[in-house]
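Here are a few quick notes from going through the helix packing and the pocket. Have the model open while you read.

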Amino acid sequence: MRKFFIFSAILFIFCFFIGTSAKTTPSSSKKSTTSGDPGIYDSGYVHDEKVITKKVTQLKDDQQVILMSGTFDQLNDIIVENELLKSFENWRGTRYSWGGDSKNGIDCSALTRRVYREVFEFELPRVSVDQAQKGVHISRADLRPGDILFFRPENRVNHTAVYVGNSLFINASSSQGVVLSSLENNYWGKYFKYGVRIAEK
């Protein structure tokens, strides 16, 4: 599927770049008691909308520079970034629901699966630990748009999310619902374990 983005880069890049903007207003959510993939119950997580807005602005500024003088792979990453941001807008504000897999409520692994389906037309496993085994492990320094992020606090529970770029990721937060979060946030930086890159996508 990655070839699709490479061959589509020139045709779609300006449309996506100009027309895509990420809104970061979080919505409140409740933790459901349904069965499924619990992820991290992140009651200690503080969502800083100003920081996220700044990160999105920086991402867009970097895209402008790349559009002028970037490599083909960098241009392809812009396509992926903006497709991911479009998928985020589709789910933004959806409340967290353990075991949920719809606009009425969704958990972390279901959101990761839905984003992959929308952006890459690739079907991931339903459960986060299975998703983390689908590709090769990537360090934080080597993350690229579309990599899956794997979190595991104190070896207790698993949580996945989808990396966008500039530390931003699409996140089904148990305390905030679907939001953009940042790896530079102390909470998420503490529990991040590794990225997962799925070559087949």
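1. Start with α3 and α4 (108–120): their axes come within 10 Å and cross at roughly 130 degrees. Axes here are lines fitted to C-alpha atoms over the stretch in contact, with angles from 0 to 180 degrees between N-to-C directions. The pair is therefore oblique, the class left over once under 35 degrees (roughly parallel), over 145 (roughly antiparallel) and 65 to 115 (roughly perpendicular) are taken out. The crossing is right-handed, i.e. the near helix is turned clockwise from the far one by less than a right angle.

2. Who touches whom there? From α3 it's Val80, Glu83, Leu84, Ser87, Asn90 and Trp91, and from α4 Leu111, Arg114, Val115, Glu118, Val119 and Phe120 (contact means heavy atoms within 4.5 Å). By class that gives 7 nonpolar, 2 polar and 3 charged residues.

3. A caveat: this is a predicted model, so local features need pLDDT of at least 70 and side-chain atom pairs pLDDT 80 or more, while totals for chains, interfaces and linings use all residues. Numbering runs from 1 along each chain as its sequence is written, and side-chain values use heavy atoms, without hydrogens and water.

4. α2 and α3 pack at about 145 degrees with axes 10 Å apart, and this crossing is left-handed. Among the residues in contact are Leu59 and Ile66 of α2 and Glu81 of α3. The whole contact divides into 6 nonpolar, 3 polar and 2 charged.

5. Now the largest pocket, which holds about 210 Å³ of space. A pocket is an open set of points on a 1 Å grid where a 1.4 Å probe fits, with protein on both sides within 12 Å along at least five of seven lines; lining residues have an atom within 4 Å of a point. The volume is the space filled by probe spheres set on the points, which are joined across faces, edges and corners. Of its 14 lining residues, Leu59, Ile66, Asp77, Glu81 and Pro145 are closest to the centre.

How values were computed. Helix = DSSP H or I, 4+ residues; strand = E, 2+ residues; numbered from the N terminus. Nonpolar A, V, L, I, M, F, W, Y, C, P; charged D, E, K, R; others polar.
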